[in-house]
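Here is a short note for a colleague who has not seen this model before. Please read the numbered points beside the sequence and the structure.

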Amino acid sequence: MSRRGLAAVASVLDQAASSATNILVLVLAARLSSTAGFADFSMVYVTFTVLLGLNMAYVGQTLVLEKDDPGTARLATACRSGLAFTGAASAAVGAVLALLGLLLPGATGSAFLALGLVLPLVLLQDGLRYCFSALRAPGRALAADALRLACVVPALLLQPEGAPAGRLVLVWGVSALPALALGLWLLRLSVRGGAVGAIDLRPYLRRGYLGQRFVVEFAVGNGSSQLAVLGLGVFATPLAVGALRGATTLFGPLNVLFNSANAFGPPVVRRASGKRGVVRLTALMGGALAVTGAAWGAVLYALPERVGRELLGDTWRAAAALLPATGAQYAVMGLGTCALLTLRVLNPKATLSLQVVFSLLSVGLLLGGYAVWGVAGAAWGLALGSASKAAAGWLRVARLPAPEAAAATPSDEVRAA
């Protein structure tokens, strides 16, 4: 297998390890906690997930767009600066969460206090993957995230049944220390050729910094999806909402591939020659993801009812009726993901308007589809929204100006601001 192929495999496995960690943490917390305890843990974990996404958007997405080759002083400085900003920002937010935990009563307050204490550890550990992506070393990210998975599961399994949410959050956070230590050591090996100790936090604080746009994209995308669920919950029956959630859950493995493309794709795609080479590579990736999505949907649709009930219980029958629509949605999502990846590489500022307009359009199509055709219409509405975003994304790619206009790196854009 070629070096590029090995890097692709490592990036997918790394995202799989990260996703497995998140899933197993929730499963183990649910098994160990009381109903009220798991509610507290879930509230804290949702808070962490939002903060994780914001850090990914503000720091990680900009870092992976750095175009300098590994070993250069500039890229080494970018990696160190990104981690330093993550550490400082997470410490500040962690202090606010700890104060909130002291003010809130009972177990809920203890859980937020614990999150405030461990937040810098978990965000720094996760932030290392974007450094390794920029350095084109996904294998090192895989090593750190695999160790994270290997530490957190036994640490939680050792906790007694009925353990309070605060204790589980503290154990979950502290168990990131070995992976953080390994990641920092591997990063030091990767950037030791750069200017030692060089850290520059100024780009992260300037107006016009590219990560500010990515934060808006994340907020709109996340907010619109939550709005869609809330809106459907107002108008639809619980069975309809459960069916749509169940069908989407079955496509979780494809989210691993999409997230890998976003996290590790830019440095690989940048190595293609010119705009034509970038578009050719991302179009092939999009086609492969689309075929994979359609094939996965066909496999799920062909599952016997007995197997389906093992996966989703009584929700299976309602969810199975939505699989053609959800399969179509994930097929076109593969094309849309790679269209946005192309724009991120060639013209990072071109993605914000697409995300805002078509995320809101998807909400309207979901609710309109439900009003016309019930829950099946809602599912097809989401598919149509994803198809519209993909089509608009590739149309925007086709209309991009000459490659010279997109040659500046994120750092160059900040300096020009």
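Notes on the predicted model

1. The chain has an accessible surface of about 18600 Å², and 68% of that surface belongs to carbon and sulfur atoms. Accessible areas come from the Shrake-Rupley method with a 1.4 Å probe, and for residues only the protein chains shown count as cover.

2. This is a predicted model, in which local features need pLDDT of at least 70 and side-chain atom pairs count only at pLDDT 80 or more, while totals for chains, interfaces and linings use all residues. Residues are numbered from 1 along each chain as its sequence is written, and side-chain values use heavy atoms, with hydrogens and water left out.

3. The chain holds 17 helices and 0 strands. Helices (H or I, at least four residues) and strands (E, at least two) are DSSP runs, numbered from the N terminus. Of the 417 residues in the chain, 49% are buried; buried means under 20% relative accessible area, exposed over 50%, and partly exposed in between (1.4 Å probe, protein chains only). Among contacts with a separation of 6 or more, 81% are between residues 24 or more positions apart. Contact means heavy atoms within 4.5 Å.

4. How do helices α15 and α16 cross? The axes of α15 (residues 323–346) and α16 (residues 351–398) come within 8 Å and cross at roughly 15°. Axes are lines fitted to C-alpha atoms, for helices over the stretch in contact, and angles run from 0 to 180 degrees between N-to-C directions. The two helices α15 and α16 are therefore roughly parallel, a term for angles under 35 degrees. By class, the contact of α15 with α16 has 19 nonpolar, 7 polar and 3 charged residues. Here Ala, Val, Leu, Ile, Met, Phe, Trp, Tyr, Cys and Pro count as nonpolar, Asp, Glu, Lys and Arg as charged, and the others, Gly among them, as polar.

5. L343 lies in α15 and is buried, at 0% relative accessibility. Beyond four places in sequence, L343 touches P348, A350, T351, L354, G393, R396, V397 and L400. L343 and V278 are 65 residues apart in sequence, with their C-alpha atoms 9.9 Å apart in space.

6. R344 is also placed in α15. Is R344 buried or exposed? R344 is buried, with a relative accessible area of 12%. Apart from neighbours within four places in sequence, R344 is in contact with Q61, L65, F214, E217 and T351.

Note on methods:
Parallel < 35°, antiparallel > 145°, perpendicular 65-115°, else oblique.
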